Amino acid sequence: MRPVSQLNVCFKRLALGFQSGDNFLFEWKGSKRRLMMLTFTRSDEHDGAVTAADSFSAEKLFVTGGEDGFVKIWTYQKLLIREIKFPESISCVCFMNDKCDVLVGHGDKISILKAEDYYPH
């Protein structure tokens with residue numbers, strides 16, 4: 001079994017990030033009382049551990065950050081919307097408001113990713 005480095009629950013989905021850099025989405029099937037792994041044909045995983053994750057259910061988005069210095073914004077279908085490279089490992093990420101702006105902790109800095117720059121509404 002691989003070590004889990006991040007997990008986030010939102011909108012009946014569980015997002016798991018692993019130290020290997022892989023991300024997996026699971027959906028709660030209430031009638032069957034179990035988690036079903038959602039399979040996708042496309043993969044844009046992190047190179048290295050997923051170190052941070054957050055989700056925003058109103059827009060059905062989630063964001064991950066990794067040791068590789070990338071912040072990646074995904075749809076709930078695991079379609080990569082955008083990836084942004086930072087010079088340091090990502091220590092934390094979170095959606096900071098209902099506009100979907102993202103707060104990113106990296107190195108000794110905090111940066112803001114404006115939704116208007118990454119998310120085509």
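This is a predicted model: local features need pLDDT of at least 70, side-chain atom pairs count only at pLDDT 80 or more; totals for chains, interfaces and linings use all residues.
Let me start with leucine 80, which is found in strand 8 (residues 80–85), where strands are DSSP runs of E with at least two residues, numbered from the N terminus. Residues are numbered from 1 along each chain as its sequence is written, and side-chain values use heavy atoms, with hydrogens and water left out.

Is leucine 80 buried or exposed? Leucine 80 is buried, at a relative accessible area of 14%, where buried means under 20%, exposed over 50% and partly exposed in between, with a 1.4 Å probe and protein chains only. Apart from neighbours within four places in sequence, leucine 80 is in contact with Asp44, Lys72, Ile73 and Trp74, contact being heavy atoms within 4.5 Å. Valine 9, in strand 1 (residues 4–10), is by contrast exposed, with a relative accessible area of 61%.

Now to strand 10 (residues 102–106), which is largely enclosed by the rest of the structure, because 4 of its 5 residues are buried. Strand 10 pairs with strand 9 (residues 90–95) in the antiparallel sense over 5 bridges, pairing requiring that DSSP finds at least two bridges between the strands, and isoleucine 90 stands opposite histidine 106. Strand 10 is also joined by 5 bridges to strand 11 (residues 109–113), again antiparallel, with serine 111 as the bridge partner of valine 104. Between strand 10 and strand 11 the hairpin has 2 residues, and glycine 107 in the turn takes a positive phi of about 55 degrees.
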